[in-house]
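I opened this notebook to record, step by step, what I looked up in one structure. The entries follow the order in which I went through the topics.

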Amino acid sequence: NTQAVQKRAQHLQAQKIPRKQFQTAWLLKAVTCIDLTTLSGDDTPSNVHRLCMKAIQPIRADLLEEIHMHDKGLTTAAVCVYPSRVADAVKSLKAANCSLPVPQVGSCSVSHRVPEVRLAVRDGATEIDIVISRLWPSQDSGEAMYDEIRQFREVCGDAHMKTILAVGELGTFTNVYKASMVAMMAGSDFIKTSTGKESVNATYPVAVVMARAIRDYFLRTGHKVGFKPAGGIRTAQESLLWLMLIKEELGGDWLRPHLFRFGASSLLADIERQISHQVTGRYAAYQELPLA
């Protein structure tokens, strides 16, 4: 029901967001759900190392001390890199002597070929974002999509697998729902809107459809599948709206890194600026924030 989906999405976008210390608390929750991402063709080991350090210390220490969160072990959910940079990410995280295990501040990889997945897992990736072939909505595409994802599932082994649906190419909400269901039945731990590089990425109407598919799948099977919107989520206010959407559509259990992630590269900088404003009364310049 396209009209009902769009109306629901508009209602969610029109809701008032939390303010003051309540907003800060929700923004810290958002930080813990970020897959801090770099997917540039010219990534270097030093770039990946800096990204890993930012994942371990996502908010400036002095700001966390002011709000009494400096000793809570706040980190992003994961570091997301191409398969060729997984070894660099794992090496940096281990060398940092982080109090958290590598799988918790995991190295996540984006792949679209089985050999790349095998390489990423061998190099220590604990999460794999796979890109499916652009089959939908061709004839018999559901079965072909299922078989393809099952191949990835077998290669991933114990690594968590996030399946990217490329929702902008699916055409209709019905196709988005069907593709979500097929991906979950094939063993996906997460379903993800897009790589973040398409012309259409994470939108609220699509998120409503995917969240309803996750809820239906849970009610039928008792198995919880995660959700990851990616692409175009750049501001702290947007992150709050996404958290509210997930809480209302799926419930509080999904407001945890093992069931909800943001795929983002610039979102963290704006969240840190908002927290800085809450603490100091002014917005920090981007050069005042590491890697902003």
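Entry one, a tryptophan. I looked up Trp 242 and found that, leaving out residues up to four places away in sequence, it touches Ala 202, Thr 203, Tyr 204, Ala 207, Phe 227, Pro 229, Ile 233, Phe 260 and Phe 262, where contact means heavy atoms within 4.5 Å.

I noted that this is a predicted model, in which local features need pLDDT of at least 70 and side-chain atom pairs count only at pLDDT 80 or more, while totals for chains, interfaces and linings use all residues. Residues are numbered from 1 along each chain as its sequence is written, and side-chain values use heavy atoms, with hydrogens and water left out.

Entry two, the record. Under "active site", an unreviewed UniProt entry lists Lys 192 and Lys 228, and such annotations may be inferred rather than shown by experiment. Although these two are spread over 37 residues of sequence, they cluster in space, with a largest C-alpha distance of 4.5 Å.

Lys 192 is buried at a relative accessible area of 3%, and Lys 228 is buried at 0%; buried means under 20% relative accessible area, exposed over 50%, and partly exposed in between, with a 1.4 Å probe and protein chains only. The contacts of Lys 228 include Asp 35, Cys 80, Asp 129 and Lys 192.

The structure holds 0 disulfides, a disulfide being a pair of cysteine sulfur atoms within 2.5 Å.
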